[in-house]
Amino acid sequence: MSVAKKEYKRITVKSLTEMKNRGEKISMLTAYDYTMAKIVDGAGIDVILVGDSASNVMAGHETTLPITLDQMIYHASSVIRAIDRALVVVDLPFGSYQSDPKEALRSAIRIMKESGGHAIKVEGGKEIKESVKRILHAGIPVMGHLGLTPQSIYKFGTYTVRAKEEAEAAKLKEDALMLEKAGCFAIVLEKVPAKLAKEVAESLTIPIIGIGAGGGVDGQVLVTHDMLGMTHEFNPRFLRRYLDMHAEMTKAFKQYATDVKSQDFPNESEQY
């Protein structure tokens, strides 16, 4: 069903709620640097997530755990300088908010002051409730993240679908409601059954953004490098590759090397 799309000069947390109320789906992608963010923003994507997935995509770590607060601020600062329209949400990295609400607030303030980000994102439910409340009380917008939470990968032991069992599904619903009541402006649901995600989206007034959570939610998020096909080892069911940039870039690099070695590059028109 086609829904009337409102043109926004700048996307805010209020814009996302308006989109949900209007039935307009929210588009969200990751970016970690100025050049990519400039392209993503120019394409009209609503939300840019400076994700701790930079730990995997940009630094080559196996998990999101090693990335530091300083590194997240660096990536977020680069993205912010590129943005004209999108709402920029920045992940608080592992260890910067889970155990101490005061530390959580300090981390969130550093993100906002030093990067210029518009909001922060945290993973977890009732176990981080006090940290969420402390950040929100300081006037900093918070996006939640439930379901598969990569910062807890060693607790789960696997990247498989979460909340398939009744008890975990019930806890997810409780946590989502708690995050809404605390004041979060949106929640990401990662790798949960589509039926459950739809129930959560319909029961809450704040937008639910899905990744591997079906089409019954209020928006979708993917890692940009994955959907462009720059990465090719990662092939979950929920990922649609819109390009095969790995093949295209490899072809271009090989051609460049060939042209340099054969002295075809630079030619007469490419010299001063």
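Good morning. I shall begin with the interior. In soluble globular proteins, nonpolar side chains tend to be buried together. In this predicted model, the largest nonpolar core holds 60 residues. Which of them touch the most other members? They are Leu92, Ile120, Ile187 and Leu189. Helix H4, which spans residues 69-80, contributes six residues, the largest share of this core. There is also a second, separate core of 18 residues. Among its members are Tyr8, Val47, Leu49 and Ala119.

Let us look at isoleucine 187 in detail. If we set aside its neighbours within four places in sequence, its contacts include Met143, Gly144, His145 and Leu146.

I now turn to the domains. The domain assignment gives domain 1 as residues 13-241 and domain 2 as residues 244-271. Their C-alpha centres lie 38 Å apart. How many residues are in contact between the two domains? Four residues of domain 1 are in contact with four residues of domain 2.

Together, domain 1 and domain 2 bury about 360 Å² between them, with 67% of it on carbon and sulfur atoms. On the side of domain 1, Leu228, Met230 and His232 supply 79% of the area buried against domain 2, more than any other three residues.

Finally, I come to the polar side of this interface. Three residue pairs are in polar contact between domain 1 and domain 2, whereas the number of salt bridges across the interface is zero. Thank you for your attention.

Methods:
Residues numbered from 1 in each chain as written. Predicted model: local features only at pLDDT ≥ 70, side-chain atom pairs only at ≥ 80, totals over all residues. Heavy atoms only, no water. Core = buried A, V, L, I, M, F, W, Y, C linked by side-chain atoms within 4.5 Å. Buried < 20%, exposed > 50% of the residue type's maximum accessible area, 1.4 Å probe, protein only. Helix = DSSP H or I, 4+ residues; strand = E, 2+ residues; numbered from the N terminus. Contact = heavy atoms within 4.5 Å. Domains from an automatic or database assignment. Buried area = accessible area lost by both parts, 1.4 Å probe. Salt bridge = Lys/Arg side-chain N within 4 Å of Asp/Glu carboxyl O. Polar contact = N/O pair within 3.5 Å; in protein donor to acceptor, adjacent residues only side chain to side chain.
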